[in-house]
Protein chains: 2
Amino acid sequence: MKSLQVRFVKRPTGEPTADTFEIGEAELPALGDGEILVRIIWLSLDPYMRGRMDDKRSYAQPQALGAVMQGGTVGQVVESRNPKFAEGDFVLGMFGWQSHAVSDGAMVRKLDPAVAPLSTWVGVMGMPGLTAYIGLLDVGEMKAGDTVAVSAASGAVGSVVGQLARIKGAKKVVGIAGAEEKCRFVVDELGFDACVSHRSASLRDDLKAACPDGIDIYFENVGGPTLDAALSLMNPFGRIPVCGMISMYNTGPSTEGPDRLPSLMRRVLTDRLKIQGFIVSDRAAQHQKAFIEEVGGYIRDGRIKYREFVTEGLENAPRAFAGLLRGENFGKQLVKVSDDPTLG
Amino acid sequence: MKSLQVRFVKRPTGEPTADTFEIGEAELPALGDGEILVRIIWLSLDPYMRGRMDDKRSYAQPQALGAVMQGGTVGQVVESRNPKFAEGDFVLGMFGWQSHAVSDGAMVRKLDPAVAPLSTWVGVMGMPGLTAYIGLLDVGEMKAGDTVAVSAASGAVGSVVGQLARIKGAKKVVGIAGAEEKCRFVVDELGFDACVSHRSASLRDDLKAACPDGIDIYFENVGGPTLDAALSLMNPFGRIPVCGMISMYNTGPSTEGPDRLPSLMRRVLTDRLKIQGFIVSDRAAQHQKAFIEEVGGYIRDGRIKYREFVTEGLENAPRAFAGLLRGENFGKQLVKVSDDPTLG
């Protein structure tokens, strides 16, 4: 059995380019006892993958050179020598950027397509949704009456943050996004109170106008000038869950002055701000069950909406990933690797 | 009745200077019904006072121009028209930089000199001690086995942080101080495992050698290069309670590049650090009782030691305060305003 694979062959210095990846077929090993063969249907592309491409100390091992790019996927079992899985089962696993995979079934979860569409298990029902849930409620300690601002507001995480904040009784939910259509979407479709563009020269004033009582929680996905604008508006006892820094992933941290750290620390002290980084996997076990029950319910009854941005074909994954880092996706970035038999 | 007063007459731009203050007598009003007249014995000088001198948004009202400098004091009631207080009672109150004060008794607490020496109620048993307790245990979430580093280690707050960490089962307690005698003191007298000097050109390497397993809690009192060194050694899930930024109080935040904020935020994300500012008064009500019981016990049985740095005479308070900001004190900075009758 052959698998079409996207392998990581060269660490990028800035944006991933054509020579970052190599696409080719590889022969999969014959199934051993206890193993399953999975056909990948949905591949999730997520900003964290850029971090893995750097060869530096991080919360996870760097992506190995020459290996298949890692990534979360939904697939279907096409052959099983594992009693826990039957042919035809839908499964969630970290099978990576490829068309087929052999697995011993460890860390593979069976999915019931009647509960939620398959693709959502790597989106709103999956890691991005759980990230939003944990970041807003656990790290962010959101309370009713808070003003919540979230960057990358139309993305997989940000869109859930805002809708969840709305459901939990936020005084105001304000998104920050790039394109105007994204801003319209989060207000008109997702029910945010307002959305401002990080491309605007008046970002800080726009954000201030949208948050007349200041910001209690700024959910940080992007870094850069958006962080500066939000910081300047934080209320006493404000919380900044740091989920991602998309704007820095390609370029690395700029060190061009002025130095903003001393004034940040002064704000932290004066206004008793909390700035806290988190990674969903550290806290997933603790929150997974409540998340699936609660957010699953909101999704089924339509209180939480989601938007997917589907790229067809594994061979287009590298381009789609570069676009994701530039914010060209509009909604959760997915790659449709093969047909989803649950869709009409 | 006349009171000798240190009044705040000019906002300093850097260090407080001779013209920041004015010293003179003022006639106190006659005692009204419900009021007490207090003779001040001990005046506490604390770094936070410098922040109050700036006319900018902060957690407290700026110190008013022309008014007596605010500050925590211990005194004795010399006349009472308030049934809750008798002549001779010792009291704790915010009576400010002066020799006598008239008060209606609100926010004034009676002290039992048998429980602890009077001066300690503005030191190890008072606001600085409680600050250490709250910062280490509540904000810092200290657990047994943590490596704890604390700046301004021989000071009123830092010395309690380190000793409390030792009692609570820290793996390592490392101080950061300026003068060598302060370093020797926290190791030899207070039982810290090590102490490094922030004046050393090899601060970062010294700190690394003292914390071979990294730092779990960095208790921030000073800012500046000490923060950089500690940050670089933080372990995953590390916590930085931000209690003060003494090194910035006079100069204000420098903005000279390179910009360290992006790399800080990247560290926060990658290592899931928590940086949180706190002010003791926000959390005092919640912790005061447990603190007095627990730390009071440690002080009585000698497990927590304290050192006082006494300046004699109210007229020397301005000079003592400038010295405090430069780190010239060695231990808790006090001004002895008048005789303490409980001392031999």
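1. Over all chains, the count comes to 44 salt bridges, where a salt bridge is taken to be a side-chain nitrogen of Lys or Arg within 4 Å of a carboxyl oxygen of Asp or Glu. This is a predicted model, in which local features need pLDDT of at least 70 and side-chain atom pairs count only at pLDDT 80 or more, while totals for chains, interfaces and linings use all residues. Residues are numbered from 1 along each chain as its sequence is written, chains are lettered from A and ligands numbered from 1 in the order in which they are written, and side-chain values use heavy atoms, with hydrogens and water left out.

2. One salt bridge to look up in chain A is that between the side chains of A:K110 and A:D89, with an N to O distance of 3.6 Å. This pair links distant parts of the chain, since A:K110 is in strand 7 (residues 109-111) of chain A, whereas A:D89 is in the loop between strand 4 (73-80) and strand 5 (90-93), 21 residues apart. Helices (H or I, at least four residues) and strands (E, at least two) are DSSP runs, numbered from the N terminus.

3. The relation between the two chains comes next. The same surface serves both copies, as 100% of the contact residues of chain B recur in chain A, contact meaning heavy atoms within 4.5 Å.

4. In the interface of the chains, 44 residues of chain B are in contact with 44 residues of chain A. Chain B and chain A bury about 3900 Å² between them, with 62% of it on carbon and sulfur atoms; buried area is the accessible area (1.4 Å probe) that two parts lose on being put together, summed over both.

5. Four salt bridges are found across the interface of chain B and chain A, and B:D259 forms a salt bridge with A:R260, with the closest N and O atoms 2.8 Å apart. There are also nine residue pairs in polar contact between chain B and chain A, both residues being at pLDDT 80 or more. A polar contact is a pair of N or O atoms within 3.5 Å; within protein, one must be able to donate a hydrogen and the other to accept it, and residues adjacent in sequence count only if both atoms are side-chain atoms.

6. Which element of chain B gives the largest share of the side that touches chain A? Helix 8 of chain B does, with 10 residues.

7. Within chain A, the domain assignment gives domain 1 (2-123 + 306-336) and domain 2 (127-280), with bounds that come from an automatic or database domain assignment. The C-alpha centres of domain 1 of chain A and domain 2 of chain A lie 29 Å apart, and the contact takes 20 residues from domain 1 and 12 residues from domain 2. These two domains of chain A bury about 1400 Å² between them, 62% of it on carbon and sulfur atoms. Between domain 1 of chain A and domain 2 of chain A the count is zero salt bridges, although three residue pairs are in polar contact across this interface.

8. Some backbone details deserve a look. A cis peptide bond, with omega about 0°, joins A:G257 and A:P258, and A:P258 is in the loop between helix 7 (246-249) and helix 8 (261-270) of chain A. In chain B a cis peptide bond joins B:G257 and B:P258, again with omega about 0°. A:R272, in the loop between helix 8 and strand 13 (274-277) of chain A, has phi near 50°, a positive value in a residue other than glycine.
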